[in-house]
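Here are some questions and answers for a reader new to this structure. The model is a predicted one.

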Amino acid sequence: MFDRHDQVVRRFADACGLGAVGGLRAALHTDAVAVCDSGGQVSTAMGVVSGADDVAHLAVVLLCGQPDTELSIEAINGRSGLALRRAGQAIAVVGVDTIGARVAALWIVLNPAKLRGWHRS
């Protein structure tokens, strides 16, 4: 049986699979935020992205519909989160905070140096 956090993450992952901004927006809390850590190695939004609409658009760009990628639900910091891989190599790991039935925050690690431990053989 999944707890509420797991259900919310699964709903968000399903929305990512569809790649539709509207579905992602519906899975996000109105005041959702996203923070990206690229370590200056990957081009991405700087600072905090705020609001369901802007976070949904960021998620579409970073997590949805990238060629030859697999988005999976995995334990991130002891809770359900997301890992995006291409050919077994992690390209993003996402910690997720929730409020009620919606995603409140995405903590997106894109820094290749921090993703090495997430690679699969």
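Q: How many residues does the largest nonpolar core have, and which element gives the largest share of this core?
A: The largest nonpolar core has 31 residues, and Phe-12, Leu-24, Leu-28, Leu-63, Leu-106 and Ile-108 have the most contacts inside it. Two or more residues each come from α1 (4-18), α2 (21-27), β1 (28-37), α3 (52-63), β4 (79-86), β5 (89-99) and β6 (102-109). The largest share, seven residues, is given by α3.

Q: Which residues is Leu-28 in contact with, leaving aside its neighbours within four places in sequence?
A: Leu-28 is among the residues with the most contacts inside the largest nonpolar core. Apart from neighbours within four places in sequence, the residues in contact with Leu-28 are Phe-12, Ala-52, Val-55, Ala-56, Arg-102 and Val-103.

Q: Which strands stand at the edges of the sheet, and why is one side of each left without a neighbour?
A: The sheet is open, with six strands in the order β2-β1-β6-β5-β4-β3 and mixed pairing. Each edge strand has a single partner strand, so one side of it has no neighbour in the sheet; these strands are β2 (48-50) and β3 (69-76).

Q: Which residue in β4 does Thr-69 stand opposite?
A: β3 and β4 run antiparallel and are joined by eight bridges. The residue opposite Thr-69 in β4 is Arg-86.

Q: What angle does the direction of α3 make with that of β1?
A: α3 packs on the sheet and touches β1, β2, β3, β4, β5 and β6. Its direction and that of β1 make an angle of about 45°.

Key. Residues numbered from 1 in each chain as written. Predicted model: local features only at pLDDT ≥ 70, side-chain atom pairs only at ≥ 80, totals over all residues. Heavy atoms only, no water. Core = buried A, V, L, I, M, F, W, Y, C linked by side-chain atoms within 4.5 Å. Buried < 20%, exposed > 50% of the residue type's maximum accessible area, 1.4 Å probe, protein only. Helix = DSSP H or I, 4+ residues; strand = E, 2+ residues; numbered from the N terminus. Contact = heavy atoms within 4.5 Å. Pairing = 2+ DSSP bridges. Axes fitted to C-alpha atoms, helices over the stretch in contact; angles between N-to-C directions.
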